[in-house]
Amino acid sequence: MLLSEFITYLSLEKKFSKHTVTAYEADLRSFVVFFEKTYEDADISKAHYVQIRSWIVSLVEEGKSNRTINRKVSSLTAYYKFLLKIGCVQKSPLLGHKSLKASKVNQVPFSQVEMSEVLEMLRQSQGFKAFRDRLIVELLYATGMRRIELVQLRLEDVDVLNKQVKVLGKRNKERLVPLIPSVLETLVLYLEERKQVVCGVDDGFLLLTEKGVKIYEMLVYRVINHYFSEVSSKIKKSPHIVRHSFATHLLSEGADLNAVKELLGHSSLAATQVYTHQNIAQLAKIHEQTHPRNAKKERH
């Protein structure tokens with residue numbers, strides 16, 4: 001089994017982020033455990049499709065969503081492609097596999113009113129934690145960055161003079177995103193408080209816990225979920241929904257799709273276009289009000 005070599009390949013040659021590589025490894029190891037327990041063999045390069053299919057069935061029985069199962073199988077598919085590339089297998093056992101049908105998740109963005117209410121709420125408190133939480137929300141909403149990108153931000157990535165932040169995205173691709181005045185204002189307040197919580201050597205990460213160490217992804221989720229639960233009845237309240245709101249609000253205000261693509265760090269325009277569906281109702285209204293052949297505007 002060449003699992004460790006595959007992980008190295010993802011990191012060094014494909015240049016996947018540490019977070020992505022960890023997800024691939026976890027998916028593959030879950031299959032290794034199943035394969036060894038069920039078929040008494042730890043070498044998954046010898047697996048047949050029937051055996052992989054039994055793993056998929058076990059995941060269904062465990063209550064895993066089709067989306068999660070498809071992701072796990074996708075990781076396994078990538079592994080077999082790697083084995084093909086280096087000549088360790090002649091054919092991928094997943095060659096004819098069809099993904100499970102996954103229901104489309106409708107991710108509803110926060111409204112501009114909800115965003116404003118949360119930001120106003122955060123401005124009512126002072127101190128390190130208050131300023132940090134406020135900066136978390138403002139950075140996510142003002143830049144559209146991903147949660148992991150926010151966690152990994154370093155002090156040197158923020159250029160106050162030029163009003164921009166350098167974001168390290170997927171596959172270690174860097175992008176520069178402008179910072180609006182309100183974010184810079186919060187940043188200054190936070191940095192002053194940050195000096196008081198740094199313990200010993202400063203590792204240079206921008207956002208810290210109250211113990212002076214780098215924040216983690218679950219903390220970011222809890223911050224978003226906590227504050228937005230106060231103003232929103234939407235089912236899903238997560239950092240990704242804030243990112244979704246960033247893109248949707250820009251597009252609804254007339255931003256160019258390609259510009260939003262660059263700000264989000266998407267590799268293709270197709271990934272950005274998923275945010276345009278939120279504007280259909282608005283476009284329909286404009287169409288109704290302005291099209292010269294609309295029934296409401298025709299002269300009889």
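Is Arg 132 buried or exposed, and what is its relative accessible area? In this predicted model, Arg 132 is buried, with a relative accessible area of 3%, where buried means under 20% relative accessible area, exposed over 50%, and partly exposed in between (1.4 Å probe, protein chains only).

Residues are numbered from 1 along each chain as its sequence is written. Because the model is predicted, local features need pLDDT of at least 70 and side-chain atom pairs count only at pLDDT 80 or more, while totals for chains, interfaces and linings use all residues, and side-chain values use heavy atoms, with hydrogens and water left out.

Side chains of opposite charge can pair when their charged atoms come close. A search of the whole structure finds 16 salt bridges, each being a side-chain nitrogen of Lys or Arg within 4 Å of a carboxyl oxygen of Asp or Glu. The table gives some of them.

| Salt bridge | Closest N and O atoms |
|---|---|
| Arg 29 with Glu 25 | 3.1 Å |
| Arg 132 with Asp 133 | 2.9 Å |
| Glu 217 with Arg 147 | 3.6 Å |

Glu 217 lies in helix α9 (residues 217-229) and Arg 147 in helix α7 (residues 147-151), so this pair ties together parts that are 70 residues apart in sequence; helices here are DSSP runs (H or I, at least four residues), numbered from the N terminus. Arg 29 and Glu 25, by contrast, are four residues apart in helix α2 (residues 18-39), and are therefore separated by about one helical turn. Asp 133, the partner of Arg 132, is buried with a relative accessible area of 1%, whereas Arg 29 is partly exposed at 41%.

Terms used. Helices (H or I, at least four residues) and strands (E, at least two) are DSSP runs, numbered from the N terminus.
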